[in-house]
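Let's take a friendly tour of the aromatic rings in this model. Have the viewer open and follow along.

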Amino acid sequence: MARLVVVSNRTAAPRDRGARAGGLAVALREALARSGGVWFGWSGDIAAEDPPAPRIQEAGNIVFATIPLTRPDHDDFYLHYANGTLWPLCHYRLGLVEFSRSAYEGYLRVNHLFASRLAPLLRPDDLIWVHDYHFFPLAAALRDLGVKNRIGFFLHIPLPAPEVLTALPRHRRLIQDLCCYDLVGFQTEDDVRAFASYLEREDVGRVDPDGSFAAGERRGEVGAFPIGIDTQAFVELAETGVSSPQTLRLRESMGSRRFVIGVDRLDYSKGIPQRMEAFQTLLESRPEHRGAVTYMQIAPISRGEVEEYQALRRDIEGWVGRINGQFGEFDWSPVRYLNKAFPRQSLAGFFREAAVGLVTPLRDGMNLVAKEYVAAQNPDDPGVLVLSRFAGASHALRQALIVNPFDVEEMADAVHMALTMPLAERQARWNKMMAELREHTIQSWCESFVTRLAGSEDGRQAA
Ligand code: GDG
């Protein structure tokens with residue numbers, strides 16, 4: 001079995017406190033442990049100059065190799081290009097896209113830096129699996145250094161339609177670089193179609209019906225690999241989480257009221273203000289829910305140093321204040337809004353207690369919260385998922401109440417329908433979604449990607 005080398009911006013290295021220990025980290029660690037492997041990424045530190053070699057930490061048969069970034073590299077690569085240019089672009093927010101040549105050059109520079117520090121660690125038959133929008137050009141940079149290994153790429157966020165993608169200066173170079181991978185994986189078939197139609201429209205190449213692509217001299221494969229969760233582990237977490245002290249206190253604080261839950265990083269792609277407005281509309285149009293239902297939104301601060309995120313925060317705070325001021329009673333606040341993260345077990349317990357899971361991003365590659373909410377439910381009395389049609393998860397979770405997150409009234413109607421849905425219907429919907437989550441897990445996702453990468457034809461030798 002070939003050794004696996006994972007590259008991502010943040011790793012799950014033991015001493016990296018900034019990294020999240022979510023399902024993805026666990027699954028990748030499992031995959032790495034199976035074959036032995038290397039996990040390469042940014043250490044989370046800022047240094048005065050580029051390090052000559054990565055810092056190595058070993059945990060079992062996994063080697064974590066991390067490097068710090070200089071302040072200019074960090075700002076150009078991470079803050080400006082990855083998060084200021086690519087993130088809003090891929091989430092269809094052209095109005096928020098910032099672009100500067102210097103940031104793009106910084107992005108290329110850091111990709112070359114990563115390539116140069118990774119290359120010496122590679123063995124000839126390693127499989128390299130690169131994650132996310134920070135590294136579109138990494139395969140090209142590795143090829144420049146003579147690396148001949150098979151290299152795969154998985155994009156966790158959406159690839160926008162060509163009409164949007166072509167608004168990016170130098171889009172052609174970005175996508176040509178993407179074509180240097182042997183396997184390009186997306187979350188959904190929509191993303192695969194966006195890739196195929198970009199290649200065709202911009203005359204860069206073509207995708208064939210069997211999933212192989214050609215772009216100039218390059219040959220590779222493309223496919224949809226919808227990411228899942230560790231379903232069984234999350235079921236168990238919710239079963240124990242429901243009697244965790246935090247969940248018991250939550251239950252007690254709600255009294256006989258039911259509640260709707262939202263859990264999202266505080267990000268403009270998640271549609272939190274629209275969701276608040278929908279809840280306001282619900283209370284306005286259906287007075288029976290006043291005093292009877294609470295909406296709890298957990299939104300840990302993310303990228304708090306970026307101006308757009310600060311503006312979003314002020315916007316949401318305005319909504320919370322207005323709704324609580326308009327409808328609140330001395331013994332009931334309609335909205336509970338929490339800017340902090342909770343332990344996973346508490347979250348799982350909160351999900352299980354919530355009558356409705358409200359997951360309404362304006363765009364989302366997949367959205368794991370939707371899947372976690374479903375997995376956490378009590379089979380005897382499951383809650384209802386209200387899910388945006390623009391989350392990748394809506395392709396698989398078809399028995400959710402699917403909504404358009406730009407249509408506030410439709411969302412309010414869906415929450416009402418969820419709150420009043422009979423038990424038999426809730427169970428029927430939940431059973432189907434659960435069967436899907438048991439079939440497509442994070443483990444099967446990992447395995448299908450790595451298997452396809454291992455078997456993918458080596459494009460560099462094709463004519
Ligand atoms: C990107 C793509 C794609 C959230 N709050 C807390 C907490 N979380 C956990 C959730 C979930 C994860 O963070 C968030 O994952 P999402 O998928 O919802 O969203 P992104 O962070 O935007 O992830 C997305 C994903 O990559 C994977 O490919 O699905 O589309 O944007 O697991 O539970 N965890 C804890 N406390 C919190 O307060 N412990």
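Is F114 buried or exposed? F114 counts as buried, at 0% relative accessibility (buried means under 20% relative accessible area, with a 1.4 Å probe and protein chains only).

## About the model

This is a predicted model, in which local features need pLDDT of at least 70, side-chain atom pairs count only at pLDDT 80 or more, and totals for chains, interfaces and linings use all residues. Residues are numbered from 1 along each chain as its sequence is written, and side-chain values use heavy atoms, with hydrogens and water left out.

## Aromatic pairs

The structure holds 28 aromatic pairs (rings of Phe, Tyr and Trp, the last by its six-membered ring, with centres within 6.5 Å; planes under 30 degrees apart count as stacked, over 60 as edge-to-face and the rest as tilted). One of them joins F40 and F114: the planes stand at 85° and the centres are 5.4 Å apart, so the pair is edge-to-face. This pair links distant parts of the chain, with F40 in strand β2 (residues 37-47) and F114 in helix α3 (residues 101-118), 74 residues apart (helices are DSSP runs of H or I with at least four residues, strands runs of E with at least two, numbered from the N terminus). F40 is buried too, with a relative accessible area of 0%.

F136 and F153 make a tilted pair, 5.4 Å centre to centre with 45° between the planes. F136 is buried at 1% relative accessibility, and F153 is buried at 0%.

## Cluster and charges

F40 and F114 also belong to one aromatic cluster with F77, Y81, F99, Y104, Y107 and F135.

The charged end of R303 sits over the ring of W87, 4.2 Å from its centre (NZ of Lys or CZ of Arg within 6 Å of the ring centre and within 35 degrees of the ring normal). R363 lies over the face of Y92, at 3.9 Å from the ring centre.

Notes:
Buried means under 20% relative accessible area, exposed over 50%, partly exposed in between (1.4 Å probe, protein chains only).
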